[in-house]
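Hello,

Here is the structure I said I would pass on. My notes are below it.

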Amino acid sequence: MAESFSQEAVSRRILRSETVLVLALSLGASGVSALISFVGSLTKPGGLKEQAAMLNSSYAPGRPWLDLAWQLFGIATALVPVALVAHLLMREGAGLRAIGFDRTRPWPDLGRGAMVAAGIGSAGLAFYLMARAAGFNLTVVPESLPDVWWKFPVLILSALQNSVVEEVIVVGYLLRRLGQLGWTPMAALVASSLLRGSYHLYQGVGGFIGNMVMGVVFVLLYRRWGRVGPLVAAHALLDIGAFVGYALLAGKVGWLPTP
């Protein structure tokens with residue numbers, strides 16, 4: 001009995017340490033970085049809406065091929081924590097299929113994802129515009145890449161990378177590990193949603209609240225469907241719409257804020 005208890009305690013310590021390390025290498029670190037960035041924005045002269053949160057910027061202005069190399073390098077290395085999660089899940093005999101991230105149901109996943117994106121996209125945009133107008137949010141600039149041939153492919157790849165990293169780690173992996181550690185479903189939902197909000201805090205209070213609410217919805221949908229696939233699809237469609245839409249509309253429509 002004592003030996004069994006000891007093994008269980010060791011297993012829990014290992015799972016706890018593993019989870020902390022995965023988050024420290026990925027979105028947990030992003031949450032800390034976003035908090036520091038938010039503090040910097042709050043203490044900077046001028047309101048939040050007068051400042052900009054830049055996404056998908058150039059790494060080497062005026063040098064398109066070097067810039068492309070850096071863009072692809074950044075996208076590839078950001079996916080390493082997902083590969084680590086896949087390895088850890090495979091080691092326990094489960095793999096990514098255990099969280100519903102596989103190719104067994106591509107069209108149902110895409111269909112569900114499109115419906116979720118359609119519902120969240122319009123509400124999210126309206127909330128962002130209201131939060132910015134109220135002074136709770138920075139002006140989000142989804143892209144500021146040069147007008148080169150690889151601009152839109154890189155934006156799409158960036159959107160795909162964001163969706164895979166966030167949904168696999170923050171929903172599928174984290175909920176699985178917290179359940180194995182004995183967390184209640186409500187506590188795990190709160191932790192996942194707060195984490196999602198935290199690494200969007202660099203956008204302002206609106207970004208934190210909006211993404212935390214999105215996190216609650218995504219956790220509930222994951223528990224209903226048992227698959228991360230639809231959430232990855234929804235997130236990818238949302239980010240593609242934001243990145244590509246901004247590239248096409250910025251400066252051409254009056255309702256879209258620009259720096």
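This is a predicted model: local features need pLDDT of at least 70, side-chain atom pairs count only at pLDDT 80 or more; totals for chains, interfaces and linings use all residues.

Helix α8 runs over residues 205-225, and its 21 residues should span 30 Å at 1.5 Å a residue. The end C-alpha atoms of α8 are 30 Å apart, which agrees. Just after α8, G226 has a positive phi of about 70°. The buried residues of α8 are G206, G207, N211, M214, G215, F218, V219, L221 and Y222. Their cover includes α5 (106-133), α6 (151-180), α7 (185-198) and α9 (229-249).

F218 and Y222 also turn up in the largest nonpolar core, which has 37 residues. Together with V85, L96, I99, V168 and I169, they touch the most other members. At least two residues of this core come from each of α1 (2-24), α4 (80-91), α5, α6, α7, α8 and α9. The largest share, ten residues, is supplied by α6. Apart from neighbours within four places in sequence, F218 is in contact with V116, I120, E167, R196, L231, A234 and H235. There is also a second, separate core of 19 residues, with Y128, V140, L145 and A247 among them.

The helix pair is α3 (residues 64-78) and α6. Their axes come within 9 Å and cross at roughly 15°. Angles under 35 degrees count as roughly parallel, and α3 and α6 are therefore roughly parallel to each other. The crossing of α3 past α6 is left-handed. On the α3 side the contact is made by L68, Q71, L72, I75 and A78, and on the α6 side by V154, L157, S158, Q161 and V165.

Regards

Terms used. Residues are numbered from 1 along each chain as its sequence is written. Side-chain values use heavy atoms; hydrogens and water are left out. Helices (H or I, at least four residues) and strands (E, at least two) are DSSP runs, numbered from the N terminus. The expected span of a helix is 1.5 Å times one less than its number of residues. Buried means under 20% relative accessible area, exposed over 50%, partly exposed in between (1.4 Å probe, protein chains only). Contact means heavy atoms within 4.5 Å. A nonpolar core is a set of buried Ala, Val, Leu, Ile, Met, Phe, Trp, Tyr and Cys residues joined through side-chain atoms within 4.5 Å. Axes are lines fitted to C-alpha atoms, for helices over the stretch in contact, and angles run from 0 to 180 degrees between N-to-C directions. Angles under 35 degrees count as roughly parallel, over 145 as roughly antiparallel, 65 to 115 as roughly perpendicular and the rest as oblique. A crossing is left-handed if the near helix is turned anticlockwise from the far one by less than a right angle, and right-handed if clockwise.
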